[in-house]
Amino acid sequence: MKYLWLSLLVFGCGTSPKSEEISYMQGIMPQIRIVWRKKLFEHVHDKEMKDLSTRSTNLTVKVLVDISKDGEVKKVVYLKASNISVIDQAAKEAFTGAGPFPRPPVSCLKEDVCQVRWDFIVEGGGIKDFQKSPSPNLM
């Protein structure tokens, strides 16, 4: 079975995240995953999504997210879009809908903002399996 998934290849706070920064990102991942999958499921039967069911290549959305020292999402910028609007928008809404988050580690903050790069990936054919599901597997 193919899956919709979040990449753990997250990059925050520079090129070499510290252990507390990695723990922070792993800690917020369940919230993000739930919202992302929910948003995709809301559109799973749209034509744009149905057309993806036979696709054999992965789709990736890469975002850069600014999280304030208080855990508020301040900005989400696409670094790489999939060019499938439903998937791209779900990636953005995964952050805006899942926040606020716990306070990021001080080591991550630069000018009171923690900047995180996050990859969202839909495996080739993953939409087809997702469309068969009666409800989203949120985790």
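What follows is a quick tour of a helix pair and a group of aromatic rings. This is a predicted model, where local features need pLDDT of at least 70, side-chain atom pairs count only at pLDDT 80 or more, and totals for chains, interfaces and linings use all residues. Residues are numbered from 1 along each chain as its sequence is written, and side-chain values use heavy atoms, with hydrogens and water left out.

**The helix pair**

- Helix H1 covers residues 19–42 and helix H3 residues 85–98; their axes come within 8 Å and cross at roughly 140°.
- On the H1 side, the contact (heavy atoms within 4.5 Å) includes Trp36 and Leu40, and on the H3 side it includes Ala94 and Phe95.
- The residues of this H1–H3 contact split into 11 nonpolar, two polar and two charged. Here Ala, Val, Leu, Ile, Met, Phe, Trp, Tyr, Cys and Pro count as nonpolar, Asp, Glu, Lys and Arg as charged, and the others, Gly among them, as polar.

**The aromatic rings**

- There are four aromatic pairs in the structure, meaning rings of Phe, Tyr and Trp (its six-membered ring) with centres within 6.5 Å; planes under 30 degrees apart are stacked, over 60 edge-to-face and the rest tilted.
- Phe95 and Phe101 pair edge-to-face, at 6.1 Å centre to centre and 70° between the planes.
- Phe95 also pairs edge-to-face with Phe120, at 6.2 Å and 85°.
- Phe95 sits in H3 and Phe120 in strand S6 (residues 113–122), so this pair ties together parts 25 residues apart in sequence.
- Trp36, Phe95, Phe101, Trp118 and Phe120 make up one aromatic cluster.

Methods: Axes are lines fitted to C-alpha atoms, for helices over the stretch in contact, and angles run from 0 to 180 degrees between N-to-C directions. Helices (H or I, at least four residues) and strands (E, at least two) are DSSP runs, numbered from the N terminus.
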